[in-house]
Amino acid sequence: MRKFIIALFLGFSAMLQAQNTLSGIVTGKNNQPIKGVSVYASELHKGTATDENGKYVFTNLPNGNLKLTFTFVGYGTQNKTINSLQKENTLHVILEETIFQMDEVIVSTAFNKIQSQNVMKVEHESIKQMQRKGTATLIEGLATIPGVSQVSTGTSIGKPVIRGLSGNRVLVYSQGVRMENQQFGDEHGLGLNDSGIESVEVIKGPASLLYGSDALGGVLYFNPEKFADANTFKANFSQKLFSNTLGSNSSLGLKTSTDNWKFLARGSYNTHSDYKIPNGDRVTNTRYNETDFKTGIGYSNAKFSSVLRYNYNKLDLGIPEEGIADQTTSKETGFPRQGVFNHLLSLNNVFFFEKSKLDVDLGYIANDRSEFVDSNVAGLHMKLKTFNYDAKYHLPKIGNVESIFGIQGMHQTNTNSGEEYLIPDASTNDFGVFGTANYEWKKNVFQAGLRFDNRKITSIEHGIAGQEGYFKAIDKSFDSFNASLGYKTNLAEDLTLRLNLASGFRAPNLAELTSNGVHEGTNRYEVGNSDLKTEQNVQTDLNLEYKTDHFEFFANGFYNHINNYIYTSPTGAVMNNNDVFEYIQNNAKLYGGEIGLHFHPHPLDWLHYETSFETVTGKKQNGDFLPLIPANNWNNTIRAEYNIKNWLEDGFATLNLSTTFNQNNVSGFETKSNGYSLVNLGFGGKIKLGKTAFDINLNANNLLDKRYIAHLSRLKTDGIPNIGRNIVFGVNFIL
C-alpha cells in the first residue's frame, strides 16, 4: 500500500522537470556527517532529511531567495537564506551541539524571521511540549505560556486571555485563516483540537497592523502539521487516557509526499465524563465529546506553491447549570447542552518571481452553533459564515530594506433559525490596506508600518419594540488608522533589547451593539448600546534577553492604554429574575509583564531549572479595576533529560510547582480569589524495542489533589472548585 501511494504521486510529479536544485552535506564540528537532520523550506511546505552520508537534495526550487531550517535533536537549529538561486546550488552546514530550545522561524509576523532576528518578541511553543505537560485540552496548554491564561467553564470550554484581554480582543488564526466562531460569548470555546497542529505562536500586544480589527489584545497563530518529507510515507496512532474524567483521546494520521505533491489526513476523537473535584464529587454535565478531521493537499514547483487544507470539528458540550447534582460517569451530555459544527477551508498560494513574491491566503469558515435547553429541538441556532482574503506582496529587496504591501478583508453573515436570539441576523464587511518595511544594519533592526481599516456592520430588525428579544436595525461604519514601530539591537554579544510601540483597534461586536435579553452564559440580562465607538489602544513593549550556553534570562514589560474600552456595568434593575447589565465605555489601562530564567548547570548536562513570574493590572479611568484580570502567577520547573542504553531516547522527567497568588484587585461585581499552589509531575520519552519505536508520557497534574477555584473560572460564582488530581497517560506509535 505504501509503495502504491508513493508511486501514484511520483507519476504526477514525473511530468515536471526540475529547474533549480540545491544540495549539501550536514556535519558536526568534528566533520562527521549527521544522519536524519530535518531540512525544511517553510514557504514551499517542503522537507527532506539527510542520508547516512549527511547529504540532502532539493529539486524544483523557485528563483529568488530561499529560506531553509536545519534541525536535529541535541543540536542548535541553523536557519539559512540562499540569495538568487541558480540552476545548481550547494550549501554545506555545520551543526553545533546545544542544550537550549530551537530558534524557530516565526510565521505570524510580517517577514518570517527566526526569533533571534525578530523585532517583536513572539512566544513559540510546540504542541508536543504542551502535551508533555499532560494538559487535557489545547487551551489548557496555552495557559502554561507566560502572559497567557484562560476564562474556563469546567474542562470543556476555555477562552484565551493575553495580558488581561480576552474575547473579541484576541484573534485566533488556524491554517493561516482568521477563526470566526461566535467568540463574543463567554461560554464559547476555541473550537480547535490539538491533533494535526504543529505549534502555536503568541503575539502579546496589538497586532492590528497585520491582522486588522480584533487584534487589539494579541494573536494566537496555530501552525498546522507539516507534510511528510519528499518521497516518504508516514503514519502514526496516538492514544491518551485521563483518570479524572475517565477520558480518552485517540488520533490516527497518515501523510506522504513526492518532490512536488504532498498529502495528509488526520482524524481524532475525544470523550470525557464529568470532571471530579478533590472531595470525590463530579461537577454535573461538564462532560463533552469531540470529533475532529483534518486533511490537506499541496503542490509546489519552481514557480509557485499551493496548499489546500480542510478542518471539520464537531463538539457536543454539556453546560453545567446545576453545580454538583446527579453523580454519573456517563459521557452522554445532558440538558442544557451545546452542539457546534465548524468547517474551515483554507487555500494558501505563494507565487515566486525573479526577486519578489506574492502570498495569497483565502479562507471559508462555516460555524453552526445550537443550544438545547430541555429537548433535542434547538432553542438557539446560529449560523456564521465567513469568507476571508489576505494578499501580501513582498517587494524586491533594496539593499538592507525588505518591504511588504498588502490588502485584507472579510465578508461575514450571521443568521438565526431558533426561537431564541442572542444577536440579530447581520452582515459584516472588513477591508484593510497596509505597508510595512524592515531595515537591518550591523546588529540593529528597525521595523515600521502603517495601516487603514474599515468595518461595516448592518443588521435586520427583529422582535417587538419594547419587549425582550427586540433588536433594532443598525447600519454602522467604523474606520481606523494604525501604526507600528519596532527596534531591536544587541547591547552586547549575548544581550538583546527589543522596543516596540504599536496601536490597535477593535470595532464593537453585534452583542455589544444590539443585545436585549438574558445571556445564559453570563446569567444576566444584557442591554446593548448602538452608540458605542471603536476601541483604540497604544501599547509600549520592552523586551530584554540574555542568553549563553548555560543560562537564559528574559524580562518583558508593557503599558497598554485603551480609549473607549467596552465593558458591562450593572444598572441596578432586575428583569426576568436577572440583574440588568448594560454596555458602556471608559478609558482604561493595563500594565505588567513577565520575567524568567532558564539555568542549565555545567557539567550536569541532563539538568534544567526554569522559573517565570507574570503579572498584569487593569484599571478604568476612574481608578476602579477592570474585570477578568488574571491573578499573578509564579511557575517553577525542574527538568531532567536522559537516555537509557539502547531502549530509551529523548527521555525526560519534570517536577513543576505553579503558584497563583491572591487576586484582590477586582471589579465592582467580581469577588476576590484566594491563591493556591499546584504540584505536577511528568516523565516519558521514546522507547525502542527492536524495530518498534513509540513515544510515551505519564503525567500527574494537581498531584496533591488541591482544592482551588481559579479567578477566571465561570463556575466560581457557584463556589465550584476546579479539577482535582488527574493522571494522564499518552502513547504515540509510528506505524
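Student: What classes of residue make up the lining of the second largest cavity?

Tutor: This lining has 10 nonpolar, 8 polar and 4 charged residues. Nonpolar covers Ala, Val, Leu, Ile, Met, Phe, Trp, Tyr, Cys and Pro, charged covers Asp, Glu, Lys and Arg, and the others, Gly among them, are polar. The model is predicted, so local features need pLDDT of at least 70 and side-chain atom pairs pLDDT 80 or more, while totals for chains, interfaces and linings use all residues. Residues are numbered from 1 along each chain as its sequence is written, and side-chain values use heavy atoms, without hydrogens or water.

Student: Why is this space called a cavity?

Tutor: On a 1 Å grid over the protein atoms alone, a 1.4 Å probe fits at its points but cannot get out. Its volume, the space filled by probe spheres set on points joined across faces, edges and corners, is about 250 Å³.

Student: What makes a residue part of its lining, and which lie nearest its centre?

Tutor: A lining residue has an atom within 4 Å of a point. The lining counts 22 residues, with Asn168, Glu180, Gln412, Asn509 and Leu510 nearest the centre. Strand 25 gives the largest share, 4 residues.

Student: What makes strand 18 and strand 19 a pair?

Tutor: Each strand is a DSSP run of E of at least two residues, whereas a helix is a run of H or I of at least four, numbered from the N terminus. Two strands pair if DSSP finds at least two bridges between them. Leu254 has Ala265 in strand 19 as its bridge partner.

Student: How do you know that strand 3 and strand 6 are edge strands?

Tutor: In the open sheet of 4 strands, the order is 3-2-5-6, with antiparallel pairing. Strand 3 (46-49) and strand 6 (78-82) each pair on one side only. Strand 6 pairs with strand 5 (residues 66-71) over 5 bridges, and Leu66 has Ile82 as its bridge partner.

Definitions and conventions. On a 1 Å grid over the protein atoms alone, a cavity is a set of points where a 1.4 Å probe fits but cannot get out, and a pocket is an open set with protein on both sides within 12 Å along at least five of seven lines; lining residues have an atom within 4 Å of a point.
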